[in-house]
Amino acid sequence: MTTEDVKKVEDKEVRKQVVIPLLQHIGTVCEPTVDKKTDVLIGQKIGEGNDEFSVPVHSSIAGHVVAIEDRPHPICGSVPSVIIESNETNDTIEFTTSKNPSKEYIISALKDSGVVELNGYSLYNMLTSGKLIDTVLINLSFSGDVSSNCAPENIASIIEGMNLLIKASDAQQGAFVIQEDDKQLISAIESGLFDEADIEIFTVEQNYSPSMANLLTYEITGMQIPNTCTPLDASVLLSSASSALAVRKAVLEGIPQITVNVTVTGAVHNPGVKNVRIGTSIKEVIDSCGGYSGEPGKIIMNGIFSGTALSTDEVPVIKSTSHIIVQSSDEVLHEIPGPCIQCARCVDVCPVNILPGRIASFADMGMHDECFKLHVNSCVECGRCVYVCPSSRHILQLIRYSKTILQQLLKYEDETESFGCLSCETPCLASTPFISNGGIL
Ligand code: SF4
Ligand code: SF4
């Protein structure tokens with residue numbers, strides 16, 4: 001779906017109830033800062049992180065807290081969540097605006113606002129990591145993010161977000177990365193940039209999802225980054241359209257990350273882009289798009305091949321939700337996997353040169369040590385192997401499963417050890433958690 005295909009519909013409804021997970025980032029679960037029966041306002045902090053990766057979460061509606069309990073999460077099974085019932089008002093906290101913020105103000109605003117990237121990393125944490133940042137890259141090649149956030153009326157705000165990130169990081173330059181066939185977006189950004197000499201546009205051939213951050217950085221800078229490191233280790237701050245908009249809103253308008261733009265496609269009556277309050281159930285979002293058209297078979301969040309299949313439509317929209325795809329039951333039936341026919345198409349397309357089909361087979365048999373030897377952790381979860389497999393094998397799901405098992409084993413054996421990878425055979429000392437399931441662990 002392109003930006004032309006989608007219909008922009010602002011979601012002005014007052015939600016009756018939201019379920020806001022206390023884990024929407026890489027890091028540990030936030031501690032609630034409210035109790036049951038507390039009255040809350042839109043934008044009020046309801047959870048606070050207590051480790052260096054965690055970020056606060058805020059209420060997206062005005063009302064009162066009716067429960068704090070484990071609820072289904074789109075990625076992490078079941079996590080502690082704050083359930084808020086609306087008082088049917090749009091009462092907010094007092095948002096502090098700023099016209100010409102200093103570097104320190106921007107960083108402080110990002111700390112308070114809980115802005116996270118689509119892969120779950122905190123922008124505040126990245127800006128205060130102590131690593132030199134030379135370049136800010138904003139990835140506008142991920143189709144889910146582009147269709148949700150790159151409408152013409154958002155371009156100026158995305159560029160403002162870029163400038164705020166450059167200022168906060170002391171970067172020398174910025175660049176937008178856009179797919180080369182998205183002429184409309186290239187033209188819109190070019191027009192918006194007119195006299196911004198330190199910001200460029202790079203075009204790429206393919207769609208780079210958030211889990212492909214290191215590959216994208218390699219394509220732009222030529223620097224290889226082991227899978228235990230992040231673009232920051234190459235002095236690159238990698239962001240997205242969604243985050244650039246959130247940064248602008250947090251810094252200039254003082255509004256924390258309480259809504260996201262979500263593209264809804266597939267078997268629904270009125271596909272389009274919705275501005276959704278965080279904590280709204282996926283079912284409500286689909287209902288606001290006219291409901292399911294026919295029998296739903298599968299709901300996928302953030303990308304047909306590299307996204308996450310949801311266990312239920314009762315899970316809430318979170319900060320990293322950008323795309324909801326509904327497949328009909330007929331479409332799902334066509335995807336029943338057959339045996340591997342050893343065609344090696346998955347090998348041909350894999351951007352990190354591993355053996356996807358073979359690793360998946362080992363994962364299916366529970367032979368995770370063999371998966372490790374075949375560098376399963378180098379998989380960047382692009383989904384290309386799934387796309388080309390003539391037998392519709394569940395390659396990526398099996399690879400993710402193996403990565404999760406290996407990570408648990410590794411934690412059990414040694415909390416501080418980290419994996420090596422194809423590009424760097426020795427284990428990297430930067431023990432950044434590797435990205436799995438869209439980034440949130
Ligand atoms: S998803 Fe498949 S093609 Fe992509 S990096 Fe992983 S194994 Fe390779
Ligand atoms: S593309 Fe599918 S069938 Fe072909 S080798 Fe890979 S897993 Fe097997």
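Mentor: Begin with the ligand sites. Helix 13 (384-388) and helix 14 (395-413) each give at least two residues to the shell around ligand 1. Helices (H or I, at least four residues) and strands (E, at least two) are DSSP runs, numbered from the N terminus. This is a predicted model, in which local features need pLDDT of at least 70 and side-chain atom pairs count only at pLDDT 80 or more, while totals for chains, interfaces and linings use all residues. Residues are numbered from 1 along each chain as its sequence is written, and chains are lettered from A and ligands numbered from 1 in the order in which they are written.

Trainee: Which element supplies the largest share of the shell around ligand 1?

Mentor: Helix 14 does, with three residues. A residue is near a molecule or strand if its C-beta atom, placed from the backbone, lies within 6 Å of it. Of the 16 residues around ligand 1, Cys350, Pro356, Cys379, Cys382 and Cys385 come nearest.

Trainee: How does the shell around ligand 1 divide by class?

Mentor: Ala, Val, Leu, Ile, Met, Phe, Trp, Tyr, Cys and Pro count as nonpolar, Asp, Glu, Lys and Arg as charged, and the others, Gly among them, as polar. On that scheme the shell around ligand 1 has 13 nonpolar, one polar and two charged residues. The shell around ligand 2 has nine nonpolar, three polar and two charged residues. Of the 14 residues around ligand 2, the nearest are Cys340, Cys343, Cys346, Gly357 and Cys389.

Trainee: Now the sheets. What is the strand order in the open sheet with antiparallel pairing?

Mentor: Two strands pair if DSSP finds at least two bridges between them. The order in this sheet of four strands is 2-8-7-4. Strand 2 (17-21) and strand 4 (39-40) are the edge strands, each pairing on one side only.

Trainee: How many bridges join strand 7 to strand 8?

Mentor: There are 10 bridges between strand 7 and strand 8 (residues 77-86), which run antiparallel. The two form a hairpin with three residues between them. Ala67 has Ile83 of strand 8 as its bridge partner, and His73 stands opposite Gly77 in strand 8. Strand 2 pairs with strand 8 over five bridges, also in the antiparallel sense, with Ile20 bridged to Val82 of strand 8. Strand 4 is joined to strand 7 (residues 63-73) by two bridges, and Asp39 stands opposite His64 in strand 7.

Trainee: Which strands stand at the edges of the parallel sheet?

Mentor: That open sheet of four strands has the order 11-10-9-12, with parallel pairing. Strand 11 and strand 12 (236-240) stand at its edges with a single partner strand each, so one side of each has no neighbour in the sheet. The twist averages 25° from one strand to the next. Axes are lines fitted to C-alpha atoms, for helices over the stretch in contact, and angles run from 0 to 180 degrees between N-to-C directions. Strand 10 and strand 11 pair in the parallel sense over six bridges, and Ala175 has Glu200 of strand 11 as its bridge partner.

Trainee: What does helix 6 touch in this sheet?

Mentor: Two residues are in contact if their C-beta atoms, placed from the backbone, lie within 7 Å. Helix 6 (residues 213-221) touches strand 9, strand 10, strand 11 and strand 12, and its direction makes about 115° with that of strand 12. Helix 7 (residues 241-253) lies across strand 9 and strand 12, at about 90° to strand 12.

Trainee: Which residues of helix 5 are buried?

Mentor: A residue is buried if 20 or more other C-beta atoms lie within 10 Å of its own, exposed if 12 or fewer, and partly exposed in between, with C-beta atoms placed from the backbone. In helix 5 (residues 183-193), the buried ones are Leu185, Ala188 and Ile189. They share one side of helix 5 because they cover an arc of only 95° around the axis, the arc being that of the directions from the helix axis to the C-beta atoms. Lys183, Ser187, Glu190 and Ser191 are exposed on the other side of helix 5.

Trainee: Is Tyr208 buried or exposed?

Mentor: Tyr208 is buried, because 25 other C-beta atoms lie within 10 Å. Tyr208 sits in the loop between strand 11 and helix 6.
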